[in-house]
Amino acid sequence: MNIIKKTGRPRSFDRDEALMAAVQVFWNKGYQGASIKDLTDAMGIKAPSLYAAFGDKLNLYRQAIERYAANESCAPLVAFESETDIYQAVRAFIEAVIDYATQHESGVRGCFLSSCVATSAGEVDGVEEFLRTAIQETDARIAKRFDLAKENGALPHDFPSLERARLLLDLRQGYIFRARAGLKGDAMKTDLDYRIRMVLA
């Protein structure tokens, strides 16, 4: 006798799109402020599907953070690493930060990690550790690019790569803060040359 194995009902939604929809809800309302109904309405699914695919609200939040970090937050780093000239690399990094913070297609200003995730550190299990790791990895990635410029003679051999990497990342957070306050991108770009020289001095 042939036994036909029943398979589960296929998902009728795109997981990646659903996660990005969840990102937008958390970004706008914060972790505590986002209700399950807010999330399911934005994701286009019912509550049972949310729990089946992502677990509870906490697990959905963690997966939304990972989705965002893997696909969007690295744009300034990609711009930074793509330029061969170190001065232009720093400029590309800052410009990408400003453009992303002020011109995101969702209309939300700032950065999801800085505007939402950072505020839930200490309140939501695992977030503080995630942020600490993300900061350390970003510092190291920027410092590696500075080290390459030192090897190529574009920066002096005693250039403090890690310290300036931290400075550049801290500048990024300042621009995001200004964007959240409604400052326009063009206004934030008026003194780029000064800030680039500060990083590379």
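Before we go in, some housekeeping. This is a predicted model, so local features need pLDDT of at least 70 and side-chain atom pairs count only at pLDDT 80 or more, while totals for chains, interfaces and linings use all residues. Residues are numbered from 1 along each chain as its sequence is written, and side-chain values use heavy atoms, with hydrogens and water left out.

The mean here is 87, and 89% of the residues reach 70 or more. Residues 1-10 are another story: pLDDT stays under 50 there, and the model gives them 0 contacts beyond four places in sequence. By contact I mean heavy atoms within 4.5 Å. Where pLDDT is low, the predicted coordinates should not be read in detail.

Now the fold. We have 11 helices and 0 strands; these are DSSP runs numbered from the N terminus, H or I over at least four residues for helices, E over at least two for strands. Take contacts between residues at least 6 apart in sequence: 68% of them join residues at least 24 apart.

Of the 201 residues, 42% are buried. Buried means under 20% relative accessible area, exposed means over 50%, and partly exposed is in between, with a 1.4 Å probe and protein chains only.

Look at M43: leaving out residues up to four places away in sequence, M43 touches A18, A21, A22, L50, F54 and L60.

On to the rings. There are 9 aromatic pairs. Rings of Phe, Tyr and Trp (its six-membered ring) pair if their centres lie within 6.5 Å; planes under 30 degrees apart are stacked, over 60 edge-to-face, and the rest tilted. F26 and Y31 are stacked, 6.1 Å centre to centre with 25° between the planes, and both are buried. F146 and F159 are edge-to-face, at 5.2 Å and 65°. That pair links distant parts of the chain, with F146 in helix 8 and F159 in the loop between helix 8 and helix 9, 13 residues apart. F146 and F159 also belong to one aromatic cluster with F80 and F93.

F80 takes us to helix 5, residues 75-82, where the buried residues are P76, L77 and F80. They cover an arc of only 100° around the axis, which puts them on the same side of helix 5; the arc is that of the directions from the helix axis to the C-beta atoms. Their cover includes helix 6, helix 8 and helix 9.

Last stop, K189, in the loop between helix 10 and helix 11. Is K189 buried or partly exposed? At 25% relative accessibility, K189 counts as partly exposed. K189 touches E95, I98 and D99, not counting residues up to four places away in sequence. K189 and D99 are 90 residues apart along the chain, and their C-alpha atoms are separated by 9.8 Å.

Definitions and conventions: pLDDT is the predictor's confidence in each residue, from 0 to 100.
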